[in-house]
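Here are my notes for someone opening this one up for the first time. Have a look at the model, then read the points in order.

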Amino acid sequence: MTTMRRDPLVDDYLRRLKAAAAGLPRERRAELVGEIEEHVDAALREAGTEDETAVRNVLERLGSPEEIAAAARPPSIVPERGWLETAALIVLAVSFLLPVAGYLIGAGLVPASKAWDGREKTIGLLIPPIVVLAGALVVVAAAASAGGSTNVGEEPSADGGLGPLELAVAVLSGFMASAYLASRLRRPTAG
Amino acid sequence: MEPALSQLRRGVLEYCVLALLRQQERYGFELVRSLSAVDGLVTSEGTIYPLLTRLRKEALVTTFWQESASGPPRRYYRLTDAGGAALASFSEDWARFRDGVDALLTHGGRDDHDAA
């Protein structure tokens, strides 16, 4: 809208604001950035100068972009356990009952929750595959060291049943994911 | 920053915005500057804009655009009936609150038979 040549400090400030407000709905973010932009223009017009000191003053009075973005976020994104989180935790904890499908259902529920952030969701959902992979390596290693004996590394898919080791891995994988995600709920509301 | 003051500020700021709009419509920058002029009320001017958005969402204010003599069109804020009612109710509460706290601070909560 404005055709003023911009001080690079202002550009940099607005860029930081856009980045900090990345979590807002797009329309809301554009509006916020527009308002701050307008404020800067008005403040500089009022100051009657656009030298660096004036620009720095205006930006300092605005506060940090991160602070502004934080004020624009809805106040209560407190991680709380609702029915969705409870269902996801239970499904994951007992996912060994339905070996692959159980995990997939859990993996479908977890992303829908707002109580975990993206990183927690990723870690939680990566735990079962990693544990299963580690378990598979143990099984393979055990089979190799047993010199091809079929007792230890029995193929689970042969008759659809799970050997004791596979069962332990399956139980552990889901349980660990569930325990991790449960531990991330109801943390103190610092951020 | 003093926590007690910052909590007070947060609770009171939106009503100060409504109060500024009681007599006349104002645009964002004008509101921010008027609030900043009150000592201790605003620490970061930029955080007032999200507050204005919230007041609009709560239908306590409405906005409209208006041409300005200098520069681009401005977004003006106007008090709604609901906003006026919220302001009136807060003004009453505030007067009681202020008087009560003042009495405590000055008389130390002594029975005000003779004070008042």
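1. Contact here means heavy atoms within 4.5 Å. On that basis, chain B brings 22 residues to its meeting with chain A, and chain A brings 19. Keep in mind that this is a predicted model, where local features need pLDDT of at least 70, side-chain atom pairs count only at pLDDT 80 or more, and totals for chains, interfaces and linings use all residues. Residues are numbered from 1 along each chain as its sequence is written, chains are lettered from A in the order in which they are written, and side-chain values use heavy atoms, with hydrogens and water left out.

2. How much area do chain B and chain A bury between them? About 1,700 Å², with 54% of it on carbon and sulfur atoms. Buried area is the accessible area (1.4 Å probe) that two parts lose on being put together, summed over both.

3. Side chains of opposite charge can pair when their charged atoms come close. The rule for a salt bridge is a side-chain nitrogen of Lys or Arg within 4 Å of a carboxyl oxygen of Asp or Glu, and it finds 5 of them across the interface of chain B and chain A. One joins Arg75(B) to Glu35(A), with 3.8 Å between the closest N and O atoms.

4. Which elements of chain B give two or more residues to the side that touches chain A? They are helix H2 (28-36), helix H3 (48-57) and strand S3 (74-79); helices (H or I, at least four residues) and strands (E, at least two) are DSSP runs, numbered from the N terminus. H3(B) gives the largest share, 5 residues.

5. Over all chains there are 17 salt bridges. Inside chain A, Arg16(A) and Glu66(A) form one at 3.1 Å, N to O. That pair links distant parts of the chain, 50 residues apart: Arg16(A) sits in helix H1 (residues 8-20) of chain A and Glu66(A) in helix H4 of chain A.

6. Now the largest pocket, which holds about 930 Å³ of space. A pocket is an open set of points on a 1 Å grid over the protein atoms alone, where a 1.4 Å probe fits, with protein on both sides within 12 Å along at least five of seven lines; lining residues have an atom within 4 Å of a point. The volume is the space filled by probe spheres set on the points, which are joined across faces, edges and corners. Of its 27 lining residues, the closest to the centre are Ala70(A), Ala71(A), Ala72(A), Arg10(B) and Thr47(B). H3(B) gives the largest share of the lining, 6 residues.
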